[in-house]
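Let's take a friendly walk through a protein model, starting with the whole chain and then stopping at a few places inside it. Keep the structure open beside you as you read.

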Amino acid sequence: MNRGRVIAALVALTLRSTLRSRTAVLLAVLLPLVLGLLPLILQSGGTPEDDFNLTLLYVLGAGWGMTTLAALVLGCVVGSADIDASRFQLTRVKPVPPTVLWLGQWCGLLCVQLAAACAVTVLTLAVLAAYVPQGFLARPANLTTPAKAVKEQYVALPPGGSASFEFVQEFNQPSTLRISIDPLSGHRSGVDVQVQTAGITTNLMGFGENQLRVPLPRIAHTVELKHLGDQRQPGLLFSANKVAVLQPGPPFWAALLVGGVVLFLVLAVLAALGLTFGCMFSFPVALFTSVMLLVTIFVAPDNPEEFDTSLRVNRAGLMIGRAAHFVSSPLIEVNLFDSLTLGDLAKGRAVGRLALMYLLVLPLGLCVFSAYVLRRREYGGGSM
């Protein structure tokens with residue numbers, strides 16, 4: 001039998017069972033209800049910019065939370081359906097190769113996750129259009145060019161001191177230099193700084209914001225920042241990797257569409273994870289195990305200096321932490337919520353690496369592992 005037809009049939013079966021599940025029905029009802037009513041209970045941030053960012057973060061965060069949980073639950077439901085129905089010898093009852101079976105079910109789940117990601121994106125755009133001024137969605141998103149990486153994570157700028165940043169290119173058109181000040185560095189009221197680049201000197205007297213945004217007609221390879229204050233003024237501390245040149249890009253709603261793509265990639269890998277655990281356990285155990293694994297990914301350390309590696313359990317924890325860091329590093333690199341709050345467009349290369357990891361590498365590994373589990377069940381005559 002043609003494997004393409006088999007996968008298409010499995011996709012149709014998975015879609016039918018998934019759309020009839022209580023999880024999908026509940027998500028379809030709660031998602032527009034929660035996202036539509038959430039801005040009504042938010043307090044004003046004081047300025048239209050603050051209101052926009054507050055509405056964006058809460059609405060998009062609620063949509064992400066609901067859909068990611070639903071993706072994990074649906075994956076566990078589809079994978080554990082035969083175990084819950086006491087059909088353990090699955091591949092013997094249905095003469096389908098385990099890899100084809102897993103891929104067909106995952107592709108069916110992908111269709112559902114694509115619809116969920118589109119729904120969150122469209123609802124977010126609709127809520128923002130209804131509750132905030134129209135100009136915010138039409139304004140250009142920022143195309144960012146970060147400064148060259150340095151060894152120090154933070155750069156200190158004491159009174160009278162200076163710091164230099166290098167870029168890979170010159171910017172001959174009008175651009176904006178953005179430097180993010182660490183909010184934990186203390187009180188910044190009354191600090192005087194000077195920005196020098198391409199023979200242009202700009203003095204910023206008495207600023208007190210968390211960010212320096214300096215519009216410049218052109219920016220050279222090197223930018224120098226000087227602290228003009230005396231010892232009575234506080235010093236500055238800022239992240240070296242948050243110094244960037246901003247240029248106008250596509251409308252901001254295009255950045256939200258890129259966020260929808262990132263959400264779809266996250267839902268795809270969560271569905272694959274739930275489907276894999278569903279192949280091994282019944283639904284309650286699969287859901288509990290997958291949730292605990294995700295919690296471990298967020299809390300596991302990857303630095304050997306944080307604990308004693310002479311103990312076997314600590315070495316195992318270190319290995320888990322490094323694996324978790326490897327898996328989550330593409331998503332951290334995209335840094336979607338911070339980018340949208342700052343008005344930035346997520347970088348195409350970062351999204352491409354995320355797609356490679358979450359749509360190919362991780363699902364392929366989970367597919368091979370699930371095929372092994374299903375084959376063991378076939379020859380073993382029961383569950384593992």
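## The whole chain

Among the contacts in this protein with a separation of 6 or more, 80% join residues 24 or more positions apart. Keep in mind as you read that the model is predicted. The protein has twelve helices and nine strands. Of its 384 residues, 43% are buried.

## Two helices that cross

Let's begin with a pair of helices. Two packed helices are described by the angle between their axes and by the distance between those axes. Helix H1 covers residues 3-19, and helix H6 covers residues 98-131. Their axes come within 7 Å and cross at roughly 50°.

Which residues make the contact between H1 and H6? From H1 come Arg3, Val6, Ile7, Leu10, Val11, Thr14, Leu15, Thr18 and Leu19. From H6 come Val100, Leu101, Gly104, Gln105, Cys107, Gly108, Leu109, Cys111 and Val112. Sorted by class, the contact of H1 with H6 has twelve nonpolar residues, five polar ones and one charged one.

Now find Leu56, which sits in helix H3, residues 48-79. Is Leu56 buried or exposed? Its relative accessible area is 1%, and a residue under 20% counts as buried, so Leu56 is buried. Beyond its neighbours within four places in sequence, Leu56 is in contact with Gly61, Thr124, Leu128, Phe252, Leu256 and Leu340. Take Leu340 as an example: Leu56 and Leu340 are 284 residues apart along the chain, and their C-alpha atoms are separated by 8.3 Å.

Thr124, one of the contacts of Leu56, belongs to helix H6. With a relative accessible area of 2%, Thr124 is buried. Where does the side chain of Thr124 reach? It reaches the backbone oxygen of Val120, at 2.7 Å. Leaving aside neighbours within four places in sequence, Thr124 is in contact with Leu56, Val59 and Leu60.

## Another threonine: Thr276

Next, look for Thr276 in helix H8, which spans residues 252-280. Thr276 is buried, because its relative accessible area is 3%. The side chain of Thr276 reaches the backbone oxygen of Ala272 at 2.9 Å. Once neighbours within four places in sequence are set aside, Thr276 is in contact with Trp102, Leu366, Phe369 and Ser370.

## A lysine on a strand

Our last stop is Lys226, which lies in strand S8, residues 222-227. Lys226 has 28% relative accessibility, so this residue counts as partly exposed. What does Lys226 touch, not counting residues up to four places away in sequence? The list is Leu157, Gly161, Ser162, Asp192, Val193, Gln194 and Gln196.

Asp192 is one of the residues that Lys226 touches. Lys226 and Asp192 are 34 residues apart along the chain, and their C-alpha atoms are separated by 8.7 Å.

Terms used
Residues are numbered from 1 along each chain as its sequence is written. This is a predicted model: local features need pLDDT of at least 70, side-chain atom pairs count only at pLDDT 80 or more; totals for chains, interfaces and linings use all residues. Side-chain values use heavy atoms; hydrogens and water are left out. Helices (H or I, at least four residues) and strands (E, at least two) are DSSP runs, numbered from the N terminus. Buried means under 20% relative accessible area, exposed over 50%, partly exposed in between (1.4 Å probe, protein chains only). Contact means heavy atoms within 4.5 Å. Axes are lines fitted to C-alpha atoms, for helices over the stretch in contact, and angles run from 0 to 180 degrees between N-to-C directions. Ala, Val, Leu, Ile, Met, Phe, Trp, Tyr, Cys and Pro count as nonpolar, Asp, Glu, Lys and Arg as charged, and the others, Gly among them, as polar. A polar contact is a pair of N or O atoms within 3.5 Å; within protein, one must be able to donate a hydrogen and the other to accept it, and residues adjacent in sequence count only if both atoms are side-chain atoms.
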